[in-house]
Amino acid sequence: MSAHRIQGATGDWEVVIGLEVHAQVTSNSKLFSGSATAFGAEPNTQVSLVDAAMPGMLPVPNRECIRQAVRTGMAIDAQINTWSRFDRKNYFYADLPQGYQISQLYHPLVGEGSLTIDADEKAGIPADKVIGIERIHVEQDAGKLMHDQHPTMSYVDLNRSGVALMEIVSRPDMASPAEAGAYLAKLRSILRYVGSCDGNMDQGSMRADVNVSVRRAGEELGTRTETKNVNSVRFVMQAIEHEASRQVDVLESGGKIVQETRLFDPTTGSTRSMRSKEDAHDYRYFPDPDLLPLVLDDAFLADCRASLPELPDAKRARYVGELGLSTYNAAVLTADVETARWFEALLEQAASAQNKQPADVAKQAANWLISEFFGALNKLGKGLENSPVSHAQAAELLALIGKGTISGSIAKQVLEIMLDTGDSPAAIVEREGLKQESDTGAIEARVDEILAANADKVAQYRDGKVALFGFFVGQTMKAMQGKANPQVVNEILKAKLG
Amino acid sequence: MTDITELGVAAIRDGVAGGTFSAIEVAEAFNANVAAAQDALNAFIVATPEKALAAAKTTDARRAAGEPLGPMAGVPIGMKDLFATAGVQTTAASHILEGFVPQYESTVSQKLWDAGAGMLGKLNLDQFAMGSSNETSHFGNVISPWKRPGSNAQLAPGGSSGGSSAAIAARLAPAATGTDTGGSIRQPAAFTGISGIKPTYGRCSRWGVVAFASSLDQAGAMARDVTDCAIMLEAMAGFDPKDSTSLDLPVPAWTAGLSANMKGKTVGIPKEYRVDGMPPEIDAIWEQGIAWLKDAGANVVEVSLPHTRYALPTYYIIAPAEASSNLARYDGVRYGLRDLPDGANLQDMYAATRAAGFGAEVKRRIMIGTYVLSAGFYDAYYTQAQKVRTLISQDFAKAFEQVDVLLTPTAPSAAFALGENVDDPLAMYLNDVFTVPASLAGLPAMSVPAGLDAQGLPLGLQIIGRPLDEQGVLNAGLAIERRAGFTAKPEKWW
């Protein structure tokens with residue numbers, strides 16, 4: 001097992017990484033008000049009196065946001081704190097109407113948990129690795145400043161003000177950009193399975209603060225920097241790459257790392273200083289006196305637990321164990337909840353169309369989905385979410401293959417037409433006359449013609465040049481316009497060639 | 001014909017319902033008193049005679065149509081300018097909110113309008129309810145209608161609900177809302193010879209009330225007698241899902257439950273309230289109160305509330321801490337005052353706006369609150385204060401194992417002259433020494449007028465009850481009221 005190392009001029013360095021992920025909770029309304037939370041609305045159209053912090057307004061916790069955070073905690077096997085409390089984080093900024101953010105410093109809703117990142121030799125992750133998660137707390141998002149609306153003034157959009165966020169704080173358990181990337185991708189996968197966050201990093205529903213430090217192997221932790229608001233897996237990996245090398249350069253040239261907040265610039269892939277610890281705010285955290293402690297009862301917890309779906313690790317194990325899929329295929333199909341859902345719908349319909357058990361068609365369905373369908377969609381620049389072919393139509397296509405009505409190669413043609421027209425595969429097969437010929441008589445007649453026309457090759461075959469078998473198959477299929485059942489062709493040829 | 005403005009809530013309501021006079025007549029009479037006294041007493045920041053008349057008109061119309069009338073129907077009241085009133089300027093007596101007109105109505109004021117009350121205007125107060133003399137208002141001092149005999153010195157109406165107390169004592173309103181954070185209903189009631197009750201924390205919704213210290217702020221009723229307080233509080237109280245700290249309990253029928261009979265009740269006299277240097281007159285009125293309650297059938301015992309001496313310092317850590325955060329929203333960005341000097345950046349705007357918009361006492365408390373919450377001091381001040389607050393609550397809980405209500409003086413003195421304490425914040429803060437402990441414990445407490453001091457100024461007695469036992473408090477208050485026979489009123493000089 002080779003750990004990730006940065007080769008400096010003076011020797012090797014280890015990287016230590018922790019992530020604080022801010023994930024927007026999926027809910028119709030904000031954490032403490034009834035305002036809507038839809039992305040992309042006109043500025044200041046989703047703002048209540050509470051969100052604008054009008055005089056005398058009070059926060060009322062939204063139970064759905066709490067429920068989502070608890071379910072998320074359960075999905076990472078975390079301690080759920082049945083008694084938690086909201087604190088105020090005080091600072092002045094124009095995007096923060098109350099002059100404080102309601103968060104949870106002292107008593108977070110969710111305590112210690114973990115998730116496992118999967119071995120990936122190519123990425124330099126030799127074995128599965130458990131990454132500790134210290135806590136999840138819920139807090140309000142701030143509004144947004146718009147600096148491009150007026151030559152001298154900034155405008156404020158409060159649509160995001162008060163939207164519920166989960167802050168998911170990892171332990172400093174990651175040792176390479178790849179591990180951090182895998183952690184973020186796995187966390188995103190779990191959140192999407194649970195349905196507590198849509199994981200749309202490009203819309204800002206998920207963003208990470210990246211804590212990085214470097215040290216000589218086996219030495220004490222170095223001073224860390226925090227790079228704020230990095231909004232994709234790739235950028236997180238780039239930010240770590242850059243930040244770790246920068247720190248090594250500083251240390252090797254005799255400098256010291258300053259504990260500071262940094263910004264990531266996606267255009268250059270580098271980080272730059274935003275503010276140092278000396279300029280850090282004193283947030284004057286204290287329990288929010290407008291809110292009672294949050295106490296969760298057993299019925300609420302039971303409801304949260306009962307509503308949890310099968311999670312990616314369990315699903316992958318089941319695909320391998322019960323459906324007999326390869327580890328690779330199972331991993332591909334379970335990485336994202338929408339893919340898994342699509343696969344399972346396809347599987348169910350394909351099985352029932354063929355009167356079989358799902359396990360009997362699972363391999364066929366998985367192989368087709370991964371090696372045929374994904375590629376075809378990709379060529380069209382589409383994904384499962386906007387696929388022109390429904391899982392019902394795909395199941396029908398699989399059934400046509402399974403029943404021997406069409407061959408695998410004809411199925412490719414059929415799929416092309418399905419993607420093009422949206423028609424059902426049976427109709428296409430009928431219309432285009434693509435039905436596979438399994439009639440022995442018709443095939444035999446063609447085989448006889450071919451053997452007669454190629455007497456020399458038949459002789460060579462019989463003399464031991466068995467590789468010519470493929471030639472005869474090809475000729476037969478060609479004569480049958482590709483519609484002959486390959487198995488039947490094989491059998492007849494074998495019989496006739498002796 | 002009797003002067004309508006000499007009547008209280010119950011008498012006005014019953015008079016209107018019975019047709020003795022119309023609600024319009026009532027509103028006109030009080031509107032006239034409000035207008036006539038404004039220059040002298042400065043009790044109102046904004047008068048809203050049209051609101052009082054409109055409500056009266058509705059009541060008269062309902063009565064004419066034979067429709068049922070609410071428990072406050074026909075009663076015009078004053079609204080402390082800490083309650084948001086839709087379409088009517090709401091300032092908390094601050095410059096920073098001057099001109100702010102909310103689009104929303106506080107839950108408490110809405111309940112009162114729903115009960116048939118009308119609004120005479122928005123009452124002056126100490127700025128953001130911070131003060132004990134009504135000298136911190138941006139809109140000028142409220143002047144008490146009371147005077148010392150032979151003196152022209154202007155007296156304090158108490159604070160922070162000083163506009164409310166002055167208006168009721170001067171017959172500008174039969175009743176008014178107050179809010180009480182550390183004594184802001186009870187002390188002004190005592191200073192002006194009226195009654196005022198602060199219910200259990202959570203009884204009245206805080207939604208739409210400009211916040212001072214959220215864990216202490218509680219709205220209550222101020223009126224001329226105990227019955228009127230009961231009627232009004234009943235109309236104000238009730239669960240509000242918009243306030244997470246609101247109590248989800250039905251409102252008891254306090255008015256129907258009123259009884260001055262104290263037989264079988266035990267009254268506790270907390271010995272720690274006998275503070276050094278307390279004027280003999282205060283001690284005497286306290287002894288008188290004890291005698292009255294004994295006369296009403298109560299058993300009186302001495303109790304100990306050992307942490308009483310820490311209540312004031314605890315209060316002056318917790319209340320400013322919460323205030324420093326609650327008042328952060330007044331930043332010039334969205335509403336209220338904005339001071340934007342030439343070339344100012346965001347930080348400059350905050351500083352200029354808040355420097356210009358907040359008065360000295362508000363700034364002082366923001367500074368104290370910011371200090372006690374800051375890194376390195378938080379545990380020594382705020383955490384410690386919270387622990388002491390718990391101990392103070394436990395003192396009360398222990399006492400209430402033994403007694404039904406506690407009797408204390410409301411304030412350590414009668415009304416002082418304006419300007420007397422204004423340069424000495426500590427002396428001013430000491431005014432709250434008897435009222436603050438019940439606030440810290442969230443207990444119901446009221447002040448009732450008990451007599452006059454040698455200078456002819458009113459003195460009040462405070463009754464503190466168990467959590468949710470407003471009835472016990474009101475009943476003890478009624479027992480004292482019956483025996484005190486307090487009828488004194490300020491001689492009209494305005």
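Trainee: Which residue stands opposite L461(B) in β11(B)?
Mentor: That's V448(B). Keep in mind that this is a predicted model.

Trainee: How many bridges join β10(B) to β11(B)?
Mentor: Seven, and the two strands run antiparallel. Their hairpin has five residues between the strands, and G456(B) takes a positive phi near 80° there.

Trainee: What about β9(B), how many bridges join that strand to β11(B)?
Mentor: Five bridges, again antiparallel. As one pair to look at, T408(B) has Q462(B) as its bridge partner in β11(B).

Trainee: Is β11(B) mostly covered or uncovered?
Mentor: Mostly covered, with eight of its eight residues buried. P458(B), G460(B), Q462(B) and I464(B) point one way, while L459(B), L461(B), I463(B) and G465(B) point the other way. In a regular strand, side chains alternate between the two faces of the sheet.

Trainee: Switching to chain A, how do the axes of α9(A) and α11(A) cross?
Mentor: They cross at roughly 50° and come within 8 Å. The two helices are therefore oblique to each other.

Trainee: Which residues meet there?
Mentor: Q393(A), E396(A), L397(A) and L400(A) from α9(A) meet P425(A), A426(A) and V429(A) from α11(A). By class, that contact has five nonpolar residues, one polar and one charged.

Trainee: Last one: how many residues does each chain bring to the contact between A and B?
Mentor: Chain B brings 34 residues and chain A brings 26 residues. On the chain B side, α9(B), α10(B) and α11(B) each give two or more residues, and α9(B) gives the most, with three. That side has 17 nonpolar, ten polar and seven charged residues.

Terms used. Residues are numbered from 1 along each chain as its sequence is written. Chains are lettered from A and ligands numbered from 1 in the order in which they are written. This is a predicted model: local features need pLDDT of at least 70, side-chain atom pairs count only at pLDDT 80 or more; totals for chains, interfaces and linings use all residues. Two residues are in contact if their C-beta atoms, placed from the backbone, lie within 7 Å. Helices (H or I, at least four residues) and strands (E, at least two) are DSSP runs, numbered from the N terminus. Ala, Val, Leu, Ile, Met, Phe, Trp, Tyr, Cys and Pro count as nonpolar, Asp, Glu, Lys and Arg as charged, and the others, Gly among them, as polar. Axes are lines fitted to C-alpha atoms, for helices over the stretch in contact, and angles run from 0 to 180 degrees between N-to-C directions. Angles under 35 degrees count as roughly parallel, over 145 as roughly antiparallel, 65 to 115 as roughly perpendicular and the rest as oblique. A residue is buried if 20 or more other C-beta atoms lie within 10 Å of its own, exposed if 12 or fewer, and partly exposed in between; C-beta atoms are placed from the backbone. Two strands pair if DSSP finds at least two bridges between them.
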